[in-house]
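Have a look at the sequence and the fold first, then read on.

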Amino acid sequence: MHPGRGGGCATLVRTPPATVRAGAAREQGEPDMVVRGRAQGGVVVGRTVAAAVCAAALLTPGSSLAPPAPVLVAQASPAPSPAASDSKLEVVRIDPDPAPPGGTTTVHAFVANRGPETTASPFTVLVALPQGVSPQGPYFPADCEVLRRGRLVRCVFGPGLPPLRTATALVPVRLDPELRPGRLGGGWVAVRSADDPEDAGTRQPYDLTVAEPAAG
């Protein structure tokens, strides 16, 4: 393939010594490695000339062999996280109403914002249940999740709770029919938020009273 024809470059081949102008090339010590090209005016194109022509073709703007212009792809920066507020969340203890064995009652997970600012981040309310008690939906909020094989309920509230205001997750529960009357411990309510990373006041226990079965 010749320079300038079809966009390619000359190929190097080993040939017998070429005779140009009645053997002048042999007398001048022309090398055996030559470029098979077009002889113009009785002159054989040497590999030095062919290499120069090929290099020029690669670097010439608009040439079919010129490398394509680089493509720059802009990457979007991640959205910044909202700044945490100065708000203090606390759990207020509320014991559920008594219920008989096999009956139902509701755990009120009561959370207060002591301020001084409105919450800027979502907060999570966790409700742990005593042994012998199982969650019984529907819940509030409606998207509360039951975890740990029914031992824990997780509810998430969005940001925007003003100071000195409260939020309550409602978790209905059913008592095992085999429970004996008395008080069940081991339950607790906790709140977690990026606005209030401290643990003080963010977890409170509660007791659930198993009432005497109704007579009759």
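Strands S10 and S11 pair in the antiparallel sense, over seven bridges. Here, strands are DSSP runs of E with at least two residues, numbered from the N terminus, and two strands count as paired if DSSP finds at least two bridges between them. In this pairing, Val-189 stands opposite Gln-204 in S11. S10 is also joined to S5, by six bridges, and those two run antiparallel as well. There, Val-127 stands opposite Val-189.

A quick word on the ground rules: this is a predicted model, in which local features need pLDDT of at least 70 and side-chain atom pairs count only at pLDDT 80 or more, while totals for chains, interfaces and linings use all residues. Residues are numbered from 1 along each chain as its sequence is written, and side-chain values use heavy atoms, leaving out hydrogens and water.

Now for the inside. A nonpolar core is a set of buried Ala, Val, Leu, Ile, Met, Phe, Trp, Tyr and Cys residues joined through side-chain atoms within 4.5 Å. Buried means under 20% relative accessible area, with exposed over 50% and partly exposed in between (1.4 Å probe, protein chains only). The largest such core has 29 residues, and Val-107, Phe-123, Val-125, Val-127 and Val-189 touch the most other members. Several strands supply at least two residues each, including S3 (87-92), S4 (104-116) and S8 (152-157). S9 gives the most, with five residues.

Leu-184 is found in strand S10. Leu-184 and Thr-209 are 25 residues apart in sequence, yet their C-alpha atoms are 6.0 Å apart in space. Setting aside neighbours within four places in sequence, Leu-184 is in contact (heavy atoms within 4.5 Å) with residues including Pro-130, Leu-179, Tyr-206 and Leu-208.

| Residue | Relative accessible area |
|---|---|
| Leu-184 | 16% |
| Cys-144 | 10% |
| Cys-155 | 0% |

Those cysteines belong together. Cys-144 and Cys-155 form a disulfide, with their sulfur atoms 2.0 Å apart; the rule asks for a pair of cysteine sulfur atoms within 2.5 Å, and by it the count comes to one disulfide. Cys-144 lies in the loop between strand S6 (133-135) and strand S7 (145-147) and Cys-155 in strand S8, so the pair ties together parts that are eleven residues apart in sequence. The link is right-handed, with 120 degrees about the S-S bond.

Conventions
Helix = DSSP H or I, 4+ residues; strand = E, 2+ residues; numbered from the N terminus.
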